[in-house]
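Subject: Structure for your review

Dear colleague,

Please find the structure below.

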Amino acid sequence: MVIDVHVHPGFYGTISKDPGEVELRKKAAGWDLMSPHPEKVTFTQMDAFGVDKLVLLPLDLTTTMGGWVCTNEEIKTLVDLAPERFIGFASVDPRRKDAPEVLEHAFKNLGLCGLKLNPCKQAFFPADPMMDPIYKLCQKYNKPIMFHAGMSWEPNCLMKYGHPLNFEEVAQRYPEVRMCMAHFGWPWAVETAALILKYPNLYTDTAALYMDSPEAFMDQIFNRTWGPLWFEHNFADKVMFGSNNPRFRSARIKRGLDSIEMREETREKLLGGNALRFLGMEG
Amino acid sequence: MVKTTTIELLSKKEFELIKITGDVRRLVEESGIQNGVVYVITAHTTTGIIVNESLSCLEIDIEEMLERMVPTVYPYAHSHFLPSYGATGGNAPGHLKSLLAGNHAVLPVMDGKLYCGRAQDIYFAEFDGVQSRKVFITVMGE
């Protein structure tokens, strides 16, 4: 089972019929020169490159941009379209007054499987007490959180909110809530390593390819920034395959990971087993 | 007279040779043009148009030759973060294979039909799949 845990479906045809919405998504996410395509293209890509499921992430920017980069309802629409391929997450803008209601509706009525938050784009520190009602809902419904962590390419957002150490207090206060600090927390991948080593409920994903080729970037992370044995010997259960598509192609990130030496059992965890545990879907 | 039609394709692999001779033949006949030429032109920069003999062994040779000349893994200058896309350039091999294949082919039209040599077939060559693609078929003549 291969699961890409980090996909933004901002250009999926079914939810891209309104050009104004697509433009807002492009502007908010810093995706330029990209355009909508039918889901058939995504399904064909998944089949061609051996990816079984995608975790689809929305983002609620109501108070900062007056809109969403894909709404919870749009994610639900996509999941209904292909429940065997798509796993849908919810989002909520923590600064909106009805944040708990929006989130509870997404978990309870839309059946979404987790929460996506982007502290940089949504401009909050993860340990801000304002976040407690949101974290308590994740705890109540046993839903994991996908946090953006590390560098943010998007315009109008600051990286300071996404430093991995900002998540430590949250991980400690909510040990039952599984949380992913995405993108290796890059460029703070060593800090990310320390945190996922220490806190059983913290994970990271591989959704980063900022500097060069898939092979060179993954070699840098797995063998140089981290020691060559760190991943396999210490946190083989804590890193998940993710791509950050459409910024990076799922197939290319997977190609980079395929070039890293590891035991087959470890690779299975990286590509899907860890995601199943993070998502609460482990058999 | 000039008549241009667009055909759309969905490639299914990163490298794929898709035979489009039948489409070109049909569009020539539908154009009503009796004598002239047909241009087959890709709309993309990581694809090509190839005329060759339709044998699976040759298709393998073409793919392997291009891979030897333009390997997937190499320190290409294009492999860097592109602010204009908000993404990292990962398809340098596709661009370079496109350069080698060329973006178009030209064939004669005679008596209202595509006029090919016995061994000639027209391929759309995908070097950066899986993607949705467009090919322009322009028939020129009288």
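Predicted model: local features only at pLDDT ≥ 70, side-chain atom pairs only at ≥ 80, totals over all residues.

Which residue takes a positive phi in the hairpin of β7(B) and β8(B)? B:Asp111 does, with a value near 50°, and the hairpin has two residues between its strands.

Residues are numbered from 1 along each chain as its sequence is written, chains are lettered from A and ligands numbered from 1 in the order in which they are written, and side-chain values use heavy atoms, with hydrogens and water left out.

The sheet in chain B

Strands are DSSP runs of E with at least two residues, helices are runs of H or I with at least four, and both are numbered from the N terminus; two strands pair if DSSP finds at least two bridges between them.

Six bridges link β3(B) to β7 of chain B (residues 104–110), where B:Tyr39 faces B:Val106. Between β7(B) and β8(B) there are two bridges, and B:Val109 lies opposite B:Leu114.

The annotated domain and a helix pair in chain A

For chain A, an unreviewed UniProt entry lists residues 3–280 as "domain: Amidohydrolase-related"; such annotations may be inferred rather than shown by experiment. Over residues 3–280 the chain is 42% helix and 12% strand, and the end C-alpha atoms are 13 Å apart.

Helices α10 (residues 214–225) and α12 (residues 250–258) of chain A pack at an angle of about 55°, with their axes 8 Å apart. The axes are lines fitted to C-alpha atoms over the stretch in contact, and angles run from 0 to 180 degrees between N-to-C directions. That angle makes α10(A) oblique to α12(A), as angles under 35 degrees count as roughly parallel, over 145 as roughly antiparallel, 65 to 115 as roughly perpendicular and the rest as oblique.

In the contact (heavy atoms within 4.5 Å), A:Pro214, A:Glu215, A:Met218 and A:Phe222 of α10(A) meet residues of α12(A) including A:Arg252 and A:Leu257.

Yours sincerely
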